[in-house]
Amino acid sequence: MKDILDRDDLPEDLRRQIEQMMDDHAQAKAAWEASEARLRGILDHSPTIIYLKDLTGRYIHINRRYEELIGRPVADVRGKRAEDIFPHDVAQVYMEHDERVLRTGKPIEVEETLPLEGDDAQLVSVQFPLFDGSGEPMAICGISLDISDRVRAQKALAYRERHYKQILDNINQGVVLHGPDGTFLYLNPAAQTILGVSDDELLGVQAPQADWVIIDEGGRRLARDEYPISRSLREGTAVRGEVIGLGDGTTRPIRWITVDCVPVAADDGRIRAVVVSFFDSTEQVEGRARLARSEALHRSLVAHLPDVVSVISEDMTLEYLNRDVAEQPPDSLVGVDASQLIVPEHRNRFAAALQGALATGMVHDLEYTSRSGLEWHGRIVPLDQGDGANRVLVISQDISERRRSARALQASEERFRSLIENTAEIVFRINPEGRFTFISPAVERLMGYEPAELVGRSFEEVLEGTEARAQARGTLRRWLAGETANVGMTMELMVRRKDDDPFVAEITTTPIFDSDGSPFEVQGLVRDITARRRAEEALRESEAEIQHAQRLESLSVLAGGVAHDFNNLLMGVIGNADLAAGLLPEDSPVRPLLDSMLRAALTASDLSRQMLAFSGHGRFMAQPLDLGEHLASIQALLESSVPRRGVVTVDLPTEVPVIRADPTQITQIALNLAMNGVEALGDDVGEVRIESGAAEVDEATLERAYPVEYELEPGRYVYLRVTDNGHGMTRDEQQRAVEPFYTTRFAGRGLGLAVTLGLVRAHKGALIVESRPEAGTTATVLLPPEDGAVREEESPEAAEATAPQAPPSMGTILVADDEQFVLDVADMALSQSGYTVLKAADGMEAVECVEGAAEPVSLVVLDMTMPRLTGEEALRRIRRTLPDVPVIVSTGFSESEATDRFAGLSIQGFLQKPYRPSHLIGMVRDLLGE
């Protein structure tokens, strides 16, 4: 155009038109460039990710947000495909999305993962085609929103929900969620336990139920509109710390609970739900009287404490003081502003701590100075005395002398720190060539070198092993190259003394910098930690032994509890079967069935006795015993009790010291070890050798025994040893061999060695098991001899006698047991024998029966473990009313344990569960002189 305008023959009108066209073109171009700049500015400053691709999937443009996210500039991305930028699997997904947009010609919305260094980004993307004027696609545009924070928040929310659910399921406090109409929506396990119901019974049920009996602490039955949840729903306010009783004390025992009801309101103010939390406070309610009696004592104790104890209100008023302060009596200071007792510069700090304790409900500690010049350490504890007032308890300890000592100590430490650092450990410096430039005199004591011997020599010369040298060389190189932070590094390396004796050293190194900040040397400390490493190893071994002993103790408690409950169940089976048999004629076809039932139940009680033996609660009747003679007497039993594939050989000496033991338990030990030995043979034919004798046992041998709770002293022991040539055990199997229900075989109860260890512990002995895979096993029981013991002949067991029918009205018998099976069996047996029976389901009820009985109680049958009051607690209270009444203790534990528990309470009889009714009747008649 400009060439045309330069022509002289151009008409003037045409020239003006051409010039106008050129001006219009220039303005349009400028406007287009400005528009493009504005659009690019919008794209680059948009918080969302925006990109353009051509029809072949090559990037045309990405905005600044995309550049920041992937860490690459637009110039590095333009013209490249996704497969040139991202991993293959991610690029494949992106290309599939591009192909889908071009194929359908419609926008798509997808969730994508953008791989980044560290954590990947989660995106929600919209891709759509751009069309030219003819309607043909010319590019692909994508807009993505980074939702990584939202995804992480959703995961965190899900985690918190699971976390809170776990908390509610495992706390001891009951938590119930009610709907706005009082309907039960949720009960945690603790709530179900405290209320004595399951969630199936209450979920969907509206509370409060009409048949509930709820009383206040005064015993008054509350109306339904007085219930805490009713008031919270009606008034829309929280009810906190209210104590109510569930039950009426007659048909249902009273259980006291402390309740908090908190309404949950929606944004519009309407109640959406009520959260009720409560805990069993029966003991607290019953203990309030005791608490009131002890309050005076506590006040006296506080008044004589060496610390200053005060109560301060929210407005800093001193409400209580336990003793004189600054020679002023407490009465003269109560009511004053407590801040006036503190130096001015510490008053704000004290007030802030007080307000912080009240605001957070947490204990605050601070130090302050009083106007008398004394320094104090104060502990501020928020108090809630139920009157709505905000106040704190302040316990202040005079630390003036301690502070003076601390300042003096600090000054002393400053004077001697340089000396200690240069004498206690080896201090050294190393140049970039790895040679010592300085080493402290302590090197002579720790390594045997004079300092001058090492200065100039390579530090690698004193290290033991190529690995240690390489590690130290690499650390030095990184220090001097500036590749590590300017902080110390600690290594453990083997260092060689001058006499070539190596030791474990802890080496701490730090770089030394010159004036321009470049490292030019490394300084360090060397500490001999050989003894510490040995001590740590010994500690680890000791901890492993303690953990093993604790695990066995826990299993022992579990076995004792299971056996105790199992005995109560067997009591119902044996007692009812025995009573039923007594009601049938001798030729009844049902009697054989009942006899079979009894035999099965008595066999089951053997398992219970084994578990009690393991737990240390088994029945134990010790007497002087010749172990050799006893084993000889049961040799036929040992040989007949093992499968035919095992050959049992018994080797017994002629003279063995007498031990004090229960013959039945010793038989059980021998049978268990013999059976274990035969079963260790597997399907092979082998030998199990049983021998006994006496030997001197040293401390090293006793250390190989399984842990026991008493001290094993070296000396002379009588031993019972069982050896087999079976498959043996690994070290791990030996450690677990005494755990109940653990077995290396496919079948069996796994109680053999567990019961054996329990019986051995009852006899104050030791059990040692030595075994190796494919080399057999030797189990040795060590029992202490009894010097001067005299053998006693076993008295034959008295024949069981069935109880004949007795005339009515022979006396009133109280039976107290928390198991209904036991109560029913005892009731039927005693009633059939002509006695009047009173039944009590717990210790408290037993006391009430004695105190309220119409006729005097002739005899008491008492369980040892019961709720509310234990057997011994109940007997103490019964003795106040009936000091001479005969008492029979009935329990699944041993007679010796019962005797210990009831020491000084005068019990006349003992029945170990499960027992037959005839035993009970016979003992009752003996005690009543019938």
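These points describe selected sheets, helix contacts and nonpolar cores in a predicted model.

1. Basis. Because the model is predicted, local features need pLDDT of at least 70 and side-chain atom pairs count only at pLDDT 80 or more, while totals for chains, interfaces and linings use all residues. Residues are numbered from 1 along each chain as its sequence is written, and side-chain values use heavy atoms, with hydrogens and water left out.

2. Parallel sheet. Five strands form an open sheet in the order E30-E29-E31-E32-E33, with parallel pairing; helices (H or I, at least four residues) and strands (E, at least two) are DSSP runs numbered from the N terminus, and two strands pair if DSSP finds at least two bridges between them. E30 and strand E33 (909-912) are the edges, each with a single partner strand, so one side of each is left without a neighbour in the sheet. Neighbouring strands are turned by 20 degrees against each other on average, direction ignored.

3. Strand E29. Five of the five residues of E29 (residues 812-816) are buried, so the strand is largely enclosed by the rest of the structure. Buried means under 20% relative accessible area, exposed over 50% and partly exposed in between, with a 1.4 Å probe and protein chains only. Thr812, Leu814 and Ala816 lie on one side, Ile813 and Val815 on the other. E29 runs parallel to strand E30 (residues 836-840), joined by five bridges, and threonine 812 stands opposite threonine 836.

4. Strand E32 (residues 887-891) pairs with E33 in the parallel sense over four bridges; the partner of isoleucine 888 is glycine 909. Helix H29 (residues 917-928) packs on the sheet, touching E29, strand E31 (859-863), E32 and E33, and its direction makes about 180 degrees with that of E33. Contact means heavy atoms within 4.5 Å. Axes are lines fitted to C-alpha atoms, for helices over the stretch in contact, and angles run from 0 to 180 degrees between N-to-C directions.

5. Helices H26 and H27. The axes of H26 (residues 843-852) and H27 (residues 871-881) come within 9 Å and cross at roughly 5 degrees. The two helices are therefore roughly parallel to each other, a label for angles under 35 degrees; over 145 counts as roughly antiparallel, 65 to 115 as roughly perpendicular and the rest as oblique. Gly843, Met844, Val847, Val850 and Glu851 in H26 meet Ala874, Arg877, Ile878 and Thr881 in H27. These contact residues divide into five nonpolar, two polar and two charged. Here Ala, Val, Leu, Ile, Met, Phe, Trp, Tyr, Cys and Pro count as nonpolar, Asp, Glu, Lys and Arg as charged, and the others, Gly among them, as polar.

6. Cores. The largest nonpolar core has 35 residues, of which Ile669, Ile690, Leu720 and Val781 touch the most other members. Such a core is a set of buried Ala, Val, Leu, Ile, Met, Phe, Trp, Tyr and Cys residues joined through side-chain atoms within 4.5 Å. Helix H21 (residues 663-680) gives the largest share, seven residues. A second, separate core of 26 residues includes Ile426, Val443, Leu454 and Val462.

7. Antiparallel sheet. Another open sheet has five strands in the order E18-E17-E21-E20-E19, with antiparallel pairing. Strands E17 (residues 426-430) and E21 (residues 519-528) pair over five bridges, with valine 427 partnered by leucine 525.
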